[in-house]
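I opened the file to take notes on fold, core and ligand surroundings. The entries follow in the order in which I looked things up.

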Amino acid sequence: MLFKEVEKCKILVLGDPKVGKTALIRRLSEYTFDEEETHKVGIDVVKKHVTFGKNNKDNIKKRFTIEIWDTTNQAEFQSLSSGFYRNADGVIICFDLTNYESFSNIDYWRNNYEKFTPPQKVKETPIALFATKCDLTDDISVTSKMIEDFEMDKYKTSAKTGENVEEAFKDFIKKIWMLKRAQKKERDKNRDKNKEKEKSEENDPGSRQVITLQPQKHQKFEDKGSMADCSKCFTCG
Ligand SMILES: Nc1nc2c(ncn2[C@@H]2O[C@H](COP(=O)(O)OP(=O)(O)OP(=O)(O)O)[C@@H](O)[C@H]2O)c(=O)[nH]1
Ligand SMILES: [Mg+2]
């Protein structure tokens, strides 16, 4: 099977410490789960290929490469923040269903992302909420009702059992893919429009106004070869 690389896509995974960000990514990429906490420091980028579409007649499948950016150790993260956030195509904010504080910090993570991202890019970039550890049913302190008001796509997941992890990522990636495709179409349309406009201007020279700038003369002082007292000359003074 041959693949055609069509797009790259950068997804950030944000959220309080120990909410299960790394466990979620590991479940998606390696199909494993570890009860131990991770002790990595800094930023970790995990790549995953997503294929979609039917095979065309050359037997080439389109492939979307996902880069999932995970962070640990907040102090280190602060100093890397602007590079970390740059050119993100999607943002996942995680909170732990058994930890109310991590839920109350959702806006903190959203604001942090928005602080380092141009407003237009913020508008174009989808954010999803991943409620983690849904297997710990006896300890859940954040109810579905509490999550309702957030205007983002919401997914309940468990990295431990694997519940809804792949489905949630697939759904979110599909959304990013559709948005990127719509944005590309819009850009192409605008480019074609501009080309057409340029062409019609070329064919109709009268439609363009030509302005020629003449060099300004400082007549009074020019024979002395000095512009030092230019403020007194009749042109500038
Ligand atoms: N029961 C249960 N435990 C989980 C789940 N996801 C993660 N954990 C546990 O929660 C702890 C923290 O998980 P991590 O993936 O290291 O959390 P993190 O958000 O990456 O933490 P930092 O990197 O320190 O910010 C670990 O002990 C995991 O085993 C889950 O879905 N269910
Ligand atoms: Mg981690």
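**Entry 1: core.** Which residues have the most contacts inside the largest nonpolar core? I noted first that this is a predicted model. The largest nonpolar core has 38 residues, and those with the most contacts inside it are Leu 14, Ile 92, Ile 93, Cys 94 and Phe 130. I then listed the elements that give two or more residues to this core: S1, H1, strand S3 (60-72), strand S4 (90-96), H4, strand S5 (127-132) and H7. H7 supplies the largest share of the core, seven residues. As background, nonpolar side chains in soluble globular proteins tend to be buried together.

Leaving aside neighbours within four places in sequence, Ile 93 is in contact with Leu 14, Gly 15, Ile 106, Trp 109, Arg 110, Ile 127 and Leu 129.

**Entry 2: fold and confidence.** I counted eight helices and six strands in the chain. Along the sequence they follow the pattern β-α-β-β-α-β-α-α-α-β-α-β-α-α. Of the 237 residues in the chain, 24% are buried. I also checked contacts between residues at least 6 apart in sequence: 69% of them join residues at least 24 apart.

The average pLDDT of the chain is 82, and 73% of the residues score at least 70. I found the lowest confidence in helix H8 (residues 219-222), with a mean of 50, and the highest in S5, at 98.

**Entry 3: helix H4.** Which residues of helix H4 are buried? In H4 (residues 106-115) I found Ile 106, Trp 109 and Tyr 113 buried. They cover an arc of only 70° around the axis, so they are on the same side of H4. The general rule is that an α-helix has 3.6 residues a turn, so residues three or four places apart point the same way. On the other side of H4 I found Asp 107, Asn 111 and Lys 115 exposed.

**Entry 4: helix H1.** I looked at H1 next and found it mostly covered, with seven of its ten residues buried. The buried residues are Lys 21, Thr 22, Ala 23, Leu 24, Ile 25, Arg 27 and Leu 28. Just after H1, Tyr 31 takes a positive phi of about 55°.

**Entry 5: ligand 1.** How many residues surround ligand 1? I found 19, the closest being Gly 20, Thr 22, Ala 23, Thr 72 and Lys 160. Helix H1 (residues 21-30) gives the most to this shell, with three residues. By type, the shell divides into five nonpolar, six polar and eight charged residues.

Entry 6: Is Val 19 buried or exposed? Val 19 is in the loop between S1 and H1. Val 19 counts as buried because it has 26 C-beta neighbours inside 10 Å, where 20 or more are needed. Leaving out residues up to four places away in sequence, I listed its contacts as Cys 94, Phe 95, Asp 96, Asn 99, Ser 102 and Thr 132. The C-alpha atoms of Val 19 and Cys 94 are separated by 6.7 Å, although these residues are 75 apart along the chain. Cys 94 is also one of the residues with the most contacts inside the core.

Lys 18 is in the loop between strand S1 (2-15) and H1 as well. Lys 18 is not a glycine, yet I read a positive phi of about 70°. Lys 18 is partly exposed, with 15 other C-beta atoms within 10 Å.

Entry 7: I located Asn 164 in the loop between strand S6 (153-156) and helix H7 (165-203). Asn 164 is partly exposed, with 16 other C-beta atoms within 10 Å.

**Entry 8: Val 45.** Val 45 is exposed because it has 10 other C-beta atoms within 10 Å, and the cut-off for exposed is 12 or fewer. Apart from residues up to four places away in sequence, Val 45 touches Glu 67 and Trp 69. I also noted a separation of 8.8 Å between the C-alpha atoms of Val 45 and Thr 71, which are 26 residues apart along the chain.

Terms used. Residues are numbered from 1 along each chain as its sequence is written. Chains are lettered from A and ligands numbered from 1 in the order in which they are written. This is a predicted model: local features need pLDDT of at least 70, side-chain atom pairs count only at pLDDT 80 or more; totals for chains, interfaces and linings use all residues. A residue is near a molecule or strand if its C-beta atom, placed from the backbone, lies within 6 Å of it. Helices (H or I, at least four residues) and strands (E, at least two) are DSSP runs, numbered from the N terminus. Ala, Val, Leu, Ile, Met, Phe, Trp, Tyr, Cys and Pro count as nonpolar, Asp, Glu, Lys and Arg as charged, and the others, Gly among them, as polar. Two residues are in contact if their C-beta atoms, placed from the backbone, lie within 7 Å. The arc is that of the directions from the helix axis to the C-beta atoms. A nonpolar core is a set of buried Ala, Val, Leu, Ile, Met, Phe, Trp, Tyr and Cys residues joined through C-beta atoms within 7 Å. pLDDT is the predictor's confidence in each residue, from 0 to 100.
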